[in-house]
Amino acid sequence: MPKAEELSPITNKSTQNFVSIGRISNTFGLKGHLKVVSSGDILKNLATPAKVYLGNIESDKNLTQIEIQSIQKKTNDYILFFSTVDTIEKALQFKSKIIYI
């Protein structure tokens, strides 16, 4: 399990502060990389390392804070590598999560 900081439950007021930048669609390879469908141009311009939050504001009680180490642009999506995710088993727990900044 990655060492990630869990945040306290998000209230309706605090959700205004988060912007969705993509959704994790699948794993990529065996070393913990994740395939992401971007919500716009933010991923293209995001400097790494960057702290982001994973989860779903509408259904999760907690978001997980994690650091993006690298971003690679592929044809229609992006490949992200997170600092604490180094195996496919760790990556699988983040499948279908939304990425917020």
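**Figure 1. Overall fold and burial.** A residue is buried under 20% relative accessible area, exposed over 50% and partly exposed in between (1.4 Å probe, protein chains only). The structure is a predicted model, in which local features need pLDDT of at least 70 and side-chain atom pairs count only at pLDDT 80 or more, while totals for chains, interfaces and linings use all residues. Residues are numbered from 1 along each chain as its sequence is written, and side-chain values use heavy atoms, with hydrogens and water left out. The chain holds 2 helices and 7 strands, taken as DSSP runs (H or I of at least four residues for helices, E of at least two for strands) numbered from the N terminus. Along the sequence these elements follow the pattern β-β-β-α-β-β-β-α-β. Of the 101 residues in the chain, 31% are buried.

**Figure 2. F18, Y53 and Y100 make up one aromatic cluster.** Rings of Phe, Tyr and Trp (its six-membered ring) pair if their centres lie within 6.5 Å, with planes under 30 degrees apart called stacked, over 60 edge-to-face and the rest tilted. Under this rule there are 2 aromatic pairs. F18 and Y53 form an edge-to-face pair, because their ring centres are 5.3 Å apart and their planes stand at 85 degrees. This pair links distant parts of the chain, 35 residues apart: F18 is in the loop between β1 (5-6) and β2 (20-28), whereas Y53 is in strand β4 (residues 50-55). F18 also pairs with Y100 at a centre distance of 6.0 Å and a plane angle of 75 degrees, so this pair too is edge-to-face. Since F18 lies in the loop between β1 and β2 and Y100 in strand β7 (residues 98-100), the contact ties together parts that are 82 residues apart in sequence. F18 and Y100 are both buried.

**Figure 3. Strand β6 pairs with β3 and with β5.** Strands are taken as paired if DSSP finds at least two bridges between them. Strand β3 (residues 33-38) runs antiparallel to β6 over 3 bridges, and L34 has L80 of β6 as its bridge partner. Strand β5 (residues 64-73) is likewise antiparallel to β6, here over 5 bridges. L80 is also the bridge partner of I71. A hairpin is formed by β5 and β6, with 4 residues between them. Strand β6 (residues 78-82) is mostly covered, as 4 of its 5 residues are buried. K73 lies over the face of Y78, at 4.9 Å from the ring centre; such a contact requires NZ of Lys or CZ of Arg within 6 Å of the ring centre and within 35 degrees of the ring normal.

**Figure 4. Strand β4 pairs with β5 and with β7.** The antiparallel strands β4 and β5 are joined by 5 bridges. Within this pairing, K51 stands opposite E67 in β5. The antiparallel strands β4 and β7 are joined by 3 bridges, and G55 stands opposite I98 in β7. In the loop between α1 (42-45) and β4 lies A47, which counts as exposed at 56% relative accessibility. A47 is 24 residues from I71 in sequence, and the C-alpha atoms of A47 and I71 are 8.8 Å apart in space.

**Figure 5. The whole structure contains 2 salt bridges.** Each requires a side-chain nitrogen of Lys or Arg within 4 Å of a carboxyl oxygen of Asp or Glu. One joins E67 to K51, with the closest N and O atoms 3.9 Å apart. E67 is partly exposed, with a relative accessible area of 23%, whereas K51 counts as exposed at 54%. Another salt bridge brings together the side chains of D86 and K90 at 3.0 Å, N to O. D86 is partly exposed at 44% relative accessible area, and K90 is partly exposed at 23%.

**Figure 6. V19, I42 and I101 form a nonpolar patch on the surface.** Together these residues have about 200 Å² of accessible area, computed by the Shrake-Rupley method with a 1.4 Å probe. Nonpolar patches join side chains of Val, Leu, Ile, Met, Phe, Trp or Tyr within 5 Å, from residues with over 30% relative accessible area and no salt bridge. I101 is in the segment after β7, and its relative accessible area of 34% makes I101 partly exposed.

Terms used
Patches are made of residues with over 30% relative accessible area and no salt bridge: like charges are joined within 9 Å, nonpolar side chains (Val, Leu, Ile, Met, Phe, Trp, Tyr) within 5 Å.
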